[in-house]
Amino acid sequence: MSLALLDLKLILRNKRPRQMLGAGLLVIGPFLLILLLGEKIPPMNEVIFGFLLSGYLGLTYTQFGYTWHGTHFDGFLARAVAPRLLVQAQFVTFVGLCMAPLMLIVPVIAAVRPQLLASLGSFFLYNAGVTAPLLLVLGTWSRTALKLDQSTFFNYQGTSSYHFLMVLPIMGLPIGLVVGGGLSSTLLVAAGLGLLGLVTVPLWTCGLGRLLWRQRHAMAMGFRDE
C-alpha cells in the first residue's frame, strides 16, 4: 500500500503525470456525452466506449508502468523492495485510476441510460483482470525513465511502437467478439475473463514479480541511460 501511495504522490507532485491524467479526463467527457445524448447506440460503440470509460485513465498511466519510477528505480534496488510488491502497487494504482472516473460517471448513466451499466461493469472487470496484467508484463521491457517535470503535451518520451501494438489484442478481442457473437456474449466473455484475472491475482503478481526480478538490472541500466 505504501508503494501505491508513492504513485499517488508522484501524480500529484509532478507535471507530466498530472497533465496526462487531466487530459485523460477531457477525453472521457466527449465519450460520455455521445453515450448519453445519442438516440441509439450500436453494439460496437457500446463495447468501445465501455472499454474506454472504464479503463482510460488506468491505461493512460500504466502504459508507462515502471518508467514513472525510473529516476529512483535504483533506490528500490538498494532497499531490496520485493518486485512483487511493486507489481501489486502498480495494479492497485491501475484499479484506482479506473474506479475514480466511474464513481462520477455511474450515477449519471444510471439515471439516464441504465442499460449501459452492464457494459461498464463488464469492461471494468476486463480492464482490471486482463488489461492490467498485460500492461504490467510489457512494462518490464521499459528502458527509458520518464522526466516527470516535463509537459505531457507533444511529449513522446518513453513512447514506442509497443504502446500502440499492445492495445490491438486488448481491444481486438472484445471487438472481434461483438462482431462475431453479439453484445450479450461479448459482455459475458469480457466479465468472465476479468473475473478469472482477479481471482488469480496472487498467482500472476507472483509470476510478474519473478519476471521483474530477472529484468531489474537491464531496466536499471536503461533508466540510467547506460
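Tutor: On a 1 Å grid over the protein atoms alone, a pocket is an open set of points with protein on both sides within 12 Å along at least five of seven lines, a cavity is a set where a 1.4 Å probe fits but cannot get out, and lining residues have an atom within 4 Å of a point. The model is a predicted one, in which local features need pLDDT of at least 70 and side-chain atom pairs count only at pLDDT 80 or more, while totals for chains, interfaces and linings use all residues. Residues are numbered from 1 along each chain as its sequence is written, and side-chain values use heavy atoms, with hydrogens and water left out.

Student: Which residues lie nearest the centre of the second largest pocket?

Tutor: They are Ala4, Asp7, Leu8, Ile11 and Thr93, out of 11 lining residues. Helix 1 (2–13) and helix 5 each supply at least two residues of this lining, and the largest share, six residues, comes from helix 1. The helices are DSSP runs of H or I of at least four residues, numbered from the N terminus. The volume of this pocket is about 200 Å³, a volume being the space filled by probe spheres set on points joined across faces, edges and corners.

Student: How many cavities of 30 Å³ or more does the structure hold, and what lines the largest cavity?

Tutor: There is one of that volume. The largest cavity contains about 30 Å³ of space, and its lining consists of Leu35, Glu46, Gly50, Leu53, Leu116, Ser119 and Leu120.

Student: Why is His69 called buried, and what does its side chain meet in a polar contact?

Tutor: His69 has a relative accessible area of 1%, and buried means under 20%, exposed over 50% and partly exposed in between (1.4 Å probe, protein chains only), so His69 is buried. His69 sits in the loop between helix 3 and helix 4 (73–78). Its side chain lies 3.1 Å from that of Asp7 in a polar contact, a pair of N or O atoms within 3.5 Å, one able to donate a hydrogen and the other to accept it, where residues adjacent in sequence count only if both atoms are side-chain atoms.

Student: Is Ser142 buried or exposed, and how do you know that Cys206 belongs to another class?

Tutor: Ser142 is buried, because its relative accessibility is 4%. This serine is in the loop between helix 6 and helix 7 (161–165), and its side chain reaches the backbone oxygen of Gly139 at 3.1 Å. Cys206, in helix 10 (residues 201–223), has 27% relative accessibility and so counts as partly exposed.

Student: Which members of the largest nonpolar core touch the most others?

Tutor: Phe51 and Trp68 do, among 62 residues. Helix 5 (residues 83–112) contributes the largest share, 11 residues. Such a core joins buried Ala, Val, Leu, Ile, Met, Phe, Trp, Tyr and Cys residues through side-chain atoms within 4.5 Å.
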